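Student: Please take a close look at one residue and its surroundings, then connect that part to the rest. I would like the cut-offs stated as you go.

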Amino acid sequence: MKLLKLSILMNYFAIAKNSKRAIFIINIGIFLSIFALTAASISIYIENKVSNLEFEHLENSRAKSLSEKYTKMVIDYKNKIRQYKNLEGSFEQNLEFLRLNQFGKAVSSPNDLQTYALYDMVRDEKMMSEFVSVFTESEYNFLFEYDVFTDEEIKNLKNIAENIKKTFISLEKLNPIELESIIYQRSFRDLGEEIKSSISNKSRLKYLKDQGQFEEVYNETINLWEDLETLFEYLLRYFNGSLITVDENLKIINEEIIDLSNKEKNIILLAFLLQLLVFIIIQFFEISSVKIALKRGKKL
Amino acid sequence: MRRGTLNRKSLILIFFVAFSTILSFGFDQMVIRTEDKIRNLNIEYQNINNSLSKYETISETLDSISMGGGLNFTPILLRRNLLIKSYILNEVDTYNFLNRKSAEVNAQDLGRMMMKEIIEVTDMTIEIRSQYAQLHLINEEIFNKIGKDKYPSLPYLFQADFNPFKKDRDKFFDKNIIIYTKLLGFEHHWRDKTYSELKKYREKAIKEFSMREWYDVYKYKMLLLKKIENDMEIMDELSELFILESDDLLEKLNEKISELQSSNIKKNFYILTSIFFQIVSLLFLLLLFRSFITKFR
């Protein structure tokens, strides 16, 4: 079924009075549709730009959430090291307190103090070594990306990385099975021998940490904890630096998006005004020409 | 030209009207399809996000159990030899180190301390088992999926063994180690007995155990600590596996976010393009009407 018969419409337009009114309405329609086209084109263009910014925003947001995750991890590791250091420190103090008399001296040995700390470190050695190699193996250090450290701190960090590397080389030489055996497989005879050895030990003035077969590597390990704590401190500052940078980037992107939206509104308004002006001018000339044509028609 | 017929210009305009309308309709369809795709992507995103938060929670809980265990067991491991050495020294004391009434009283005091320590180890293991078992029970399917092949003992970590250390019996003076297991007070051994009977058994042990038996208790404690350490290691490695899985899921989640983002951009583009062609179609329609009017004027 035909909804619109063109012939009826044509007949309607054929009447001069109708045509004058219709042409005015159609001109308004054309004006509005051209304005709508301009507005749609501007929207497509601006929308495209905003989409690119949104992608950037997304990438920065991801970087931010990763940095936050790693910050939490670093804090956890730092706390773990601190807690372990405290436990070890208290135990050493208790042993030294016990060693103030002959009984304490007899029941405590360098192995009692040193082996568990070393064993614990050697067990994690592979993981820790991999982690530390990130800072020591390559010339490029990502920690310096955000410019959060002074020259002195950079120098200090390089020294720390070197020290850590050296300690890991010493730790690699230890035999974890031997350490495990000293901790978990002490026979009755072993314990007796240790007591005898402690009683007959003449080095009264030496602390337990400065005695025994693991003396050197144990003291290096104690320093390693300090160095790792400092390294984690640097890492924490790096992540804070990255968070600040990402936040600034996000702020800039947000401002750009708002700015583009405002520009979009203003451009559309300007386009409307310009087109309105053009429409009025065209309309003026068209109405004038129609009037002239009508006058000519009357004269004829 | 006869009135009512269409000229070439009108036909071209009608063609443009039709073409723009078809394009507008086509882009409308694209919007519908993209919307459908976004809906599916959203569902996938939600599923991945749920799995990710589940995996992260499990890994964090495992780490927290491990850290708690580490903090509890490390002091015991550090002072592991002090009491047994003191006991041995008391037995062979030629220096009168200990300031008590007699070697017997000293021995009983030291025995009580050793017993307290091994019970402490057992109690802490029970606590860890309870925390781990709850986590395992709630997430059994995920645990099996992630770690069952690599660690068949997953369901039994930190579980009490009522007849333990079968391979290490030769390291004990008394091979019948149930006499030490009974000291720990498991329900299994004291099912029909009262608490006072357990207390009496412990007091009797403190009075009657000799140096050999206390050494066995020490050995028992160390083997128990070794077993806990092994289980802790499995738990830590399991946590690592969950972290690796989480990293994979995070990667997938990021991909989905990018897909969602790009689909949303496409959808906006399609909507705008569809509107654009609707307007173009309207414009050509108006131009068509205008051409009719100018033709008949």
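Tutor: Leaving aside neighbours within four places in sequence, B:Val121 is in contact with B:Phe73, B:Ile76, B:Lys221, B:Leu224, B:Leu225 and B:Ile228, where contact means heavy atoms within 4.5 Å. This is a predicted model, in which local features need pLDDT of at least 70 and side-chain atom pairs count only at pLDDT 80 or more, while totals for chains, interfaces and linings use all residues. Residues are numbered from 1 along each chain as its sequence is written, chains are lettered from A and ligands numbered from 1 in the order in which they are written, and side-chain values use heavy atoms, with hydrogens and water left out.

B:Val121 lies in helix H3 (residues 103-138) of chain B; helices (H or I, at least four residues) and strands (E, at least two) are DSSP runs, numbered from the N terminus. B:Val121 counts as buried because its relative accessibility is 0%. Buried means under 20% relative accessible area, exposed over 50%, and partly exposed in between, with a 1.4 Å probe and protein chains only. One of its contacts, B:Leu225, is 104 residues away along the chain, yet the two C-alpha atoms are separated by 7.7 Å. Across chain B, 81% of the contacts between residues at least 6 apart in sequence join residues at least 24 apart.

Chain B has seven helices and zero strands, and buried residues make up 47% of its 297 residues.

The buried residues of H6(B) are B:Leu198, B:Arg202, B:Ala205 and B:Ile206. Seen down the axis of H6(B), these residues fall within an arc of 100°, so they line one face of the helix; the arc is that of the directions from the helix axis to the C-beta atoms. An α-helix has 3.6 residues a turn, so residues three or four places apart point the same way. On the other side of H6(B), B:Lys200, B:Lys207 and B:Glu208 are exposed.

Chain B also meets chain A. A:Leu37, in helix H2 of chain A, touches B:Phe276, B:Ile279, B:Val280 and B:Leu283, not counting residues up to four places away in sequence. A:Leu37 counts as buried because its relative accessibility is 14%.

Helix H2 (residues 16-98) of chain A also gives the most to a nonpolar patch, with four residues. The patch is formed on the surface by A:Leu66, A:Tyr70, A:Met73, A:Tyr77 and A:Met127, with about 410 Å² of accessible area together. Patches are made of residues with over 30% relative accessible area and no salt bridge, with like charges joined within 9 Å and nonpolar side chains (Val, Leu, Ile, Met, Phe, Trp, Tyr) within 5 Å; a salt bridge is a side-chain nitrogen of Lys or Arg within 4 Å of a carboxyl oxygen of Asp or Glu. A:Met127 is found in helix H4 (residues 110-136) of chain A and is partly exposed, with a relative accessible area of 39%.

Note on methods
Accessible areas come from the Shrake-Rupley method with a 1.4 Å probe; for residues, only the protein chains shown count as cover.
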